[in-house]
Amino acid sequence: MSRAGDRGKTLARWLGTGLLGLFLLPMSLSLEVSVGKATTIYAINGSAILLPCTFSSCFGFENLYFRWSYNNSDTYRILIDGVVKNEKSDPRVRTKDDDRITLPGSTKEKMNNISILLSDLEFSDTGKYTCFVRNPKEKDLNNSATIFLQVVDKLEEVDNTVTLIILAVVGGVIGLLVCILLLKKLVTFILKKTREKKKECLVSSSGNDNTENGLPGSKAEEKPPTKV
């Protein structure tokens, strides 16, 4: 009975895990919205800036609604909104709050690009820009992503002096270590050869001594007999 009970509990546990996976799978494949990796972008006053936004859905879309909104400490307004009929059509703008805004992207061929181009920037354009998307095909599931725009008088040049100094020091240290290792190997090689040469000299010298002393295994010189 205990084994049957354990098997039943194990089966129930696996069944519960499978049902949870089936429940979470549609969520992992559902509507996603992205404004890129950067959370903050900088632009010069009077220039133009592209605010990126793309969406994706594994279930496709029909009459997808999108909008861009602007928000700072005391202002909120919808900049532009529209509808994308299907995957073969480009966005159709319904309302636009600012004539400086255009939609340069395309939603055809799975590009799903609803980025906006904001021209003639002003310092007052600094703030949060949110791209919102709602997909009726996914039971009006919606998602959004936000990017912060900072309008500046001029872009500051990054001083790389410290970085270059650090890289130079690190490179010098690495080069010095390599030279030390090479020098060590060279000295070791020279010492090894010197020892081998000394050993050969000692062996040769020992052989000569044995020959002169007439030791066993050596060939002594024959001396002529002494005359009486």
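Colleague: Which side chain does the side chain of S106 join in a polar contact, and at what distance?

Modeller: That's D90, at 2.7 Å. A polar contact here is a pair of N or O atoms within 3.5 Å; within protein, one must be able to donate a hydrogen and the other to accept it, and residues adjacent in sequence count only if both atoms are side-chain atoms. Keep in mind that this is a predicted model: local features need pLDDT of at least 70, side-chain atom pairs count only at pLDDT 80 or more, and totals for chains, interfaces and linings use all residues. Residues are numbered from 1 along each chain as its sequence is written, and side-chain values use heavy atoms, with hydrogens and water left out.

Colleague: Where is S106 found?

Modeller: In the loop between strand 8 (101-102) and strand 9 (116-118). Strands are DSSP runs (E, at least two residues), numbered from the N terminus.

Colleague: Buried or exposed?

Modeller: S106 counts as buried, with 17% relative accessibility. The cut-offs are under 20% relative accessible area for buried, over 50% for exposed and partly exposed in between (1.4 Å probe, protein chains only).

Colleague: Switching to rings: how many aromatic pairs does a search of the whole structure find?

Modeller: It finds 3. One of them is F55 with F61, edge-to-face, at 5.2 Å centre to centre and 80 degrees between the planes. Rings of Phe, Tyr and Trp (its six-membered ring) pair if their centres lie within 6.5 Å; planes under 30 degrees apart count as stacked, over 60 as edge-to-face and the rest as tilted.

Colleague: Why is the pair of Y65 and F132 edge-to-face?

Modeller: Because the planes sit at 65 degrees, with the ring centres 6.4 Å apart. Y65 is in strand 5 (residues 64-71) and F132 in strand 10 (residues 127-135), so this pair ties together parts that are 67 residues apart in sequence. Both Y65 and F132 are buried.

Colleague: What lies over the face of F132?

Modeller: R67, at 4.1 Å from the ring centre. That call needs NZ of Lys or CZ of Arg within 6 Å of the ring centre and within 35 degrees of the ring normal.

Colleague: Now the sheet. In what order do the strands come?

Modeller: 2-11-10-5-6-7, 6 strands in an open sheet with mixed pairing. Two strands pair if DSSP finds at least two bridges between them.

Colleague: Which strands stand at the edges?

Modeller: Strand 2 (40-44) and strand 7 (92-96); each has a single partner strand, so one side of each is left without a neighbour in the sheet. Strand 2 runs parallel to strand 11 (residues 141-152), joined by 5 bridges. I44 has V152 in strand 11 as its bridge partner.

Terms used
Helices (H or I, at least four residues) and strands (E, at least two) are DSSP runs, numbered from the N terminus.
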